[in-house]
Amino acid sequence: MAESNTTQSNQSPRLTSLSHGGGCGCKIAPDVLSNLMASMPTGQAFPNLLVGNETADDAAVFRLNDEQALIATTDFFMPIVDDPYDFGRIAATNALSDIYAMGGTPVMALALVAMPINVLPHDQIAKILQGGADVCQQAGIPVAGGHSIDSVEPIYGLAAMGTVHPEQIKRNSKAKTGDVLILTKGLGIGVFSAALKKNALPEAAYQLMIASTTQLNTPGAKLGPMAAVHAMTDVTGFALLGHAAEIARASGVDLHIKLAQVPFLEGARELAEQGYITGASGRNWHAIGERVELAEGMTDVDRALLTDPQTSGGLLLAVSPEAVDEVLALLKAEGFNLASVIGEVGAASAEPKVKVA
């Protein structure tokens, strides 16, 4: 396999060699995070806090008035690619996704910058910042400031703010029995990143990876006002199964996913079969395996793909059946060509599970 394109100079180290993990695969495992968050106070004392951390939703939402609510989120990680400009673009796209996943529109961002200032050439750092700024410009918002520190590992991301009508917020807790599940992007980013680190990712796959991870989830802002879109979240480090399990638990329902209908990036399965699987995939399964039922006959590769950590992944939607065609048409018109129906929402359950057939 050919080594993927990169603009790293021969004199500077590969970005991915400077970090112990990359992209959303750096996330703390969901079960560990849940334990760490157990003693955090709830937002019940703040009636205008419409969405806090109770259901592990994508962002916090605070009511400003009857017509406006503020969405606030932050997201940052270590390099998933070696090209500094692409790294900046991916990190910024990923951070803004949380705004879109709540049905909102971003309005401003602050840069979060931690760099090994004496190891990484300064022009490389500048390209990371430029990549993030260019994505924000594409989204129609400024990078209005931020904070930087000297760090052992390179880390970049954004604190992002957006707005949404208080009655149009899309939570992960409103899926209803009978809803249809739609996934807007193909899976396999973690597999691609594992191959990239070992110089085993074909050039065509690298370009596919960049195209997917830098595609802004802008349809989320248009899905917000649609009453038939009941629940929405983005699929990132906890993988399809992890984020589906969050919807199931928050909504109190089972989710039924059909593996044959799940979209994957071209070449992802073949790379996974060759062993290019991230450590985060195993951590994800360990965290949520008790809340997942896999059909008999599913392979280790199937499980690895369903627990593959996505960086700047797509949106997972629970949509009323009569609106499915309208939603799919909107997504395809916005360039989300892999958007697919992947299952449905089952009955209410005291112990919600994700069931994969």
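The model is predicted, and its protein chain is divided into domain 1, made up of 15–32 + 44–164, and domain 2, covering 179–356. This briefing turns to the domain interface, then to salt bridges and aromatic pairs.

**Contact between the domains**

- The C-alpha centres of domain 1 and domain 2 lie 20 Å apart, and the contact takes 36 residues from domain 1 and 36 residues from domain 2.
- Between domain 1 and domain 2 an area of about 2,700 Å² is buried, with carbon and sulfur atoms giving 60% of that area.

**The side of domain 1 that touches domain 2**

- The elements that give two or more residues to the side of domain 1 that touches domain 2 are α1 (30–37), α2 (84–101) and α3 (122–139).
- Helix α2 provides the largest share of that side of domain 1, namely ten residues.
- Sorted by class, the side of domain 1 that touches domain 2 has 14 nonpolar, 14 polar and eight charged residues.

**Salt bridges**

- Side chains of opposite charge can pair when their charged atoms come close.
- The count by this rule comes to five salt bridges, including one in which the side chains of Arg89 and Asp86 meet at 3.1 Å, N to O.
- Both Arg89 and Asp86 lie in helix α2, where they are three residues apart, about one turn of the helix.

**Aromatic pairs**

- Two aromatic pairs are found in a search of the whole structure.
- In the pair of Phe77 and Phe87, the ring centres are 6.3 Å apart and the planes stand at 35°, so the pair is tilted.
- This pair links distant parts of the chain, with Phe77 in strand β3 (residues 69–77) and Phe87 in helix α2, ten residues apart.

Key. Residues are numbered from 1 along each chain as its sequence is written. This is a predicted model: local features need pLDDT of at least 70, side-chain atom pairs count only at pLDDT 80 or more; totals for chains, interfaces and linings use all residues. Side-chain values use heavy atoms; hydrogens and water are left out. Domain bounds come from an automatic or database domain assignment. Contact means heavy atoms within 4.5 Å. Buried area is the accessible area (1.4 Å probe) that two parts lose on being put together, summed over both. Helices (H or I, at least four residues) and strands (E, at least two) are DSSP runs, numbered from the N terminus. Ala, Val, Leu, Ile, Met, Phe, Trp, Tyr, Cys and Pro count as nonpolar, Asp, Glu, Lys and Arg as charged, and the others, Gly among them, as polar. Rings of Phe, Tyr and Trp (its six-membered ring) pair if their centres lie within 6.5 Å; planes under 30 degrees apart count as stacked, over 60 as edge-to-face and the rest as tilted. A salt bridge is a side-chain nitrogen of Lys or Arg within 4 Å of a carboxyl oxygen of Asp or Glu.
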